[in-house]
Amino acid sequence: METSKKALNAEQNEQEGTLYFEDGTSAKGDYIIATDGIHSRIRKSLIPEPVPRYAGYTCWRGIINHH
Ligand SMILES: Cc1cc2nc3c(=O)[nH]c(=O)nc-3n(C[C@H](O)[C@H](O)[C@H](O)COP(=O)(O)OP(=O)(O)OC[C@H]3O[C@@H](n4cnc5c(N)ncnc54)[C@H](O)[C@@H]3O)c2cc1C
């Protein structure tokens with residue numbers, strides 16, 4: 001396991017996935033599961049299109065005291 005590293009891009013083929021880090025190192029595994037958020041650069045490197053788009057939905061949140 002690699003921690004505290006910034007992932008730059010990724011490659012996935014039928015045999016393995018490779019993740020490349022900012023410090024010049026890389027890691028290999030059977031699959032890549034990208035969990036780097038809505039602006040995921042790993043998703044962009046594996047699937048450049050389509051990009052996220054605003055769908056017109058709005059969410060209201062409320063916080064109340066509950067005693
Ligand atoms: C202000 C605000 C309030 C919210 N309130 C709620 C709420 O009340 N209830 C709710 O259900 N949801 C809420 N959300 C939405 C919720 O935070 C997200 O849906 C959720 O965090 C998404 O989880 P994630 O794991 O996909 O991504 P993230 O939580 O964004 O996690 C991505 C992680 O990847 C890391 N990362 C990013 N790029 C790289 C990289 N290149 N290399 C290595 N690591 C990287 C980041 O540092 C981060 O730790 C809120 C969001 C915001 C902005």
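The shell around the ligand is made of one nonpolar, two polar and five charged residues; here Asp, Glu, Lys and Arg count as charged, Ala, Val, Leu, Ile, Met, Phe, Trp, Tyr, Cys and Pro as nonpolar, and the others, Gly among them, as polar. This is a predicted model, in which local features need pLDDT of at least 70 and side-chain atom pairs count only at pLDDT 80 or more, while totals for chains, interfaces and linings use all residues. Residues are numbered from 1 along each chain as its sequence is written, and side-chain values use heavy atoms, with hydrogens and water left out.

**Around the ligand**
- You will find Lys5, Lys6, Ala7, Thr35, Asp36, Gly37, Arg41 and Arg61 around the ligand, each with a heavy atom within 4 Å of it.
- Taken alone, the ligand exposes 1,000 Å², and the protein buries 25% of that (Shrake-Rupley method, 1.4 Å probe; for residues, only the protein chains shown count as cover).

**Salt bridges**
- There are two salt bridges in the structure, each a side-chain nitrogen of Lys or Arg within 4 Å of a carboxyl oxygen of Asp or Glu.
- One joins aspartate 23 to lysine 5, with the closest N and O atoms 3.3 Å apart.
- Another brings together the side chains of glutamate 16 and lysine 28, at 3.3 Å from N to O.

**Exposure of the partners**
- Aspartate 23 is partly exposed at 48% relative accessible area, as is lysine 5 at 30% (buried is under 20%, exposed over 50%, partly exposed in between; 1.4 Å probe, protein chains only).
- Glutamate 16 is partly exposed at 31%, whereas lysine 28 is exposed at 58%.
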